[in-house]
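Dear colleague,

Please find below the structure for your review.

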Amino acid sequence: MLIDVLKTHFNGVSSVEIIDTELATSLYGKTTFSEPVTVHAALQVKEKSIIPTIIKLANSQSWQLYPVSSCKNWGYGSVNNVDECGSRIVLDLSPMNRIYPVSKELGILTVEPGVTQQILADYLEKQDWQFMTPVTGAGPNCSILSNALERGYGITPYTDHFSAVTSLKAYLPNPDLCESEYISATSSLDTSGVDFVDKTFKWGVGPYIEGLFTQSNFGIVTEATIRLAPKPKGFCAFYIQCFDESKFGQLVLLIREVMRSLEGIVGSINLMDKRRLIAMVADNPQGPGVHAVMNAQQVISLGNKNHLPEWMVVGSIYGEPEIVRSAKKIVSRLCKGLGKLIFSDGIAIKAGTFLSNLVPVGPLKNVRSQLQSLQEGIDIMQGKPNQVALPLAYWRNPYKKADKSKALLPDQDACGLLWYAPLIPMEPEAMANFVEFVRKTTPKYGIEPLITFTNLRYDCVDSTVPIVFNLKDPDALQAAHACLDELVEIGLRKGYVPYRLNVEQQRKLLAGQISEELSGKLKMAFDPNNVLAPGRYSSRY
Ligand SMILES: Cc1cc2nc3c(=O)[nH]c(=O)nc-3n(C[C@H](O)[C@H](O)[C@H](O)COP(=O)(O)OP(=O)(O)OC[C@H]3O[C@@H](n4cnc5c(N)ncnc54)[C@H](O)[C@@H]3O)c2cc1C
């Protein structure tokens, strides 16, 4: 029935492709934390001019439209499984993948929703732009625009991806306002088509509306202009291996001091614990499908075999070569007595790479794969997208091993993954308490406590704790959700507030708060019939 209606309106229309229920569910309904969500249909949009027609139909037919850009929101989800009446239709904007240069000299360009990290990286390379792609761990096939809308972050110098968005355009779901695209007031009188001021000045005039399109269901965003970080003339990654657990607090202070004194020169800094490092370099010793954490002996022996520390700091320095040299001296001074410091341009890594390439067998085989991962990590820091982080999602997948020679798609490969991503004060005691909380909580549910902290600034730190499980095991699935519920619920009481939530947590956490009341009223102004992604970012709208 729905498909017939869609065919009546869109058959033969070149700007849109209809996808039927079975294929739509298979392409867009799979998640890393649930049974597939039934998607009644999908519309693949090739030209934005068709969007007002779709919005009007959705309003008159009570359809629910779920806009996605690359639909790879692994661990968080994009399509809601709520029992709203009406058909669930995914609006896939990935075929819209054009890039419009604004200033090659200043590194500003406009991307459509389907522009992925790889498409942008290829464009910059081909057109010889001296700027970096804002990459994330989610890899080459993920959209730049939707990551910014989710307020995601990466490790290149402009870490906060929505901060780097200087302007955007969108269609509003309100049937009375959907005919023309929303553009900011700075742009509306410019008839030249260049819109330079609008595209470079983030705030425009009047209320800042663009922010309302992030982590929300207020509009269908058709383009975003972003400011890229320049490729630095000098670059160096640094690694601090701390083998002494009792020095955790000192490490925290070191990172805080580096972030504060080298702000703008040091990008974000990652701090990972030993279990997290093991999950990066070794197979799961329990066997992939087993719902149990590694025992202490396994952690010790895998740690020893792979020379892994209790904690590892990974950071990056960008700038003129003289600045990089000076920053390296400061990092060396600050980290004295805390552990082994390695620089990526140092002799140890260069010699290791050379030797392990020469003799890729025996003990050096292990070193080789670690160095390869290290190199991929360095590439990421320099804005070259790759899949280095994705095998983590396969740690408990008994059916599919991560094969990085192909595109890794954790939802299509039935990987079980949820994220616990809270913000914590950047302070030794608070962070130590958080580590203890995670290490006590997740094993109760058979979930490995894998801890990463990412410092975007020196006041707050974001921890991403991946909850990795066997998706096909119903008990493991239930335990994973219960584990996340406890982490979020108890964590909130301890002051750890998630920066981003999955589709289910979003509804639970915000329910009844004044912020939800207000955004509900705003939603009614933007979308009086609640056709755009109902329940995606709140319990009611
Ligand atoms: C191993 C691993 C590592 C990861 N590392 C990172 C990381 O470093 N940083 C990070 O941020 N994330 C990371 N992720 C999480 C996630 O996969 C990425 O954030 C990914 O970029 C989001 O998916 P997407 O861009 O395809 O989103 P989509 O599914 O396309 O969109 C996400 C949501 O944004 C909204 N949206 C999308 N497009 C539009 C539009 N055009 N108009 C209106 N609303 C829209 C919708 O609400 C949609 O549900 C990681 C995931 C894994 C598995």
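Is Cys-71 buried or exposed, and what is its relative accessible area? In this predicted model, Cys-71 is buried, its relative accessible area being 15%. Cys-236 likewise counts as buried, at 0% relative accessibility.

Regarding disulfides, a search of the whole structure returns zero. Cys-71 takes part in none, since the cut-off for a disulfide is a pair of cysteine sulfur atoms within 2.5 Å, and the nearest cysteine sulfur, that of Cys-142, lies 10 Å away. Cys-236 is also in no disulfide; the nearest cysteine sulfur to Cys-236 belongs to Cys-335 and is 12 Å away.

As to the overall fold, the protein has 17 helices and 17 strands. Its radius of gyration is 24 Å, close to the 24 Å given by the globule rule for 541 residues, so the protein is as compact as a globular protein of that length. The C-alpha trace spans about 65 × 55 × 45 Å along the principal axes. Of the 541 residues, 55% count as buried. Among contacts with a separation of 6 or more, 72% are between residues 24 or more positions apart.

One helix pair may also interest you. Helix H9 (residues 274–281) packs against helix H10 (residues 296–305) at an angle of about 60°, and their axes are 10 Å apart. The crossing of H9 and H10 is left-handed. On the H9 side the contact involves Lys-274, Arg-275 and Ile-278, which meet Val-299, Leu-302 and Gly-303 of H10. By type, the residues of this contact comprise three nonpolar, one polar and two charged.

With kind regards

Definitions and conventions
Residues numbered from 1 in each chain as written. Predicted model: local features only at pLDDT ≥ 70, side-chain atom pairs only at ≥ 80, totals over all residues. Heavy atoms only, no water. Axes fitted to C-alpha atoms, helices over the stretch in contact; angles between N-to-C directions. Helix = DSSP H or I, 4+ residues; strand = E, 2+ residues; numbered from the N terminus. Left-handed = near helix turned anticlockwise from the far one by under 90°. Contact = heavy atoms within 4.5 Å. Nonpolar A, V, L, I, M, F, W, Y, C, P; charged D, E, K, R; others polar. Buried < 20%, exposed > 50% of the residue type's maximum accessible area, 1.4 Å probe, protein only. Rg over C-alpha atoms; globule rule 2.2 N^0.38 Å.
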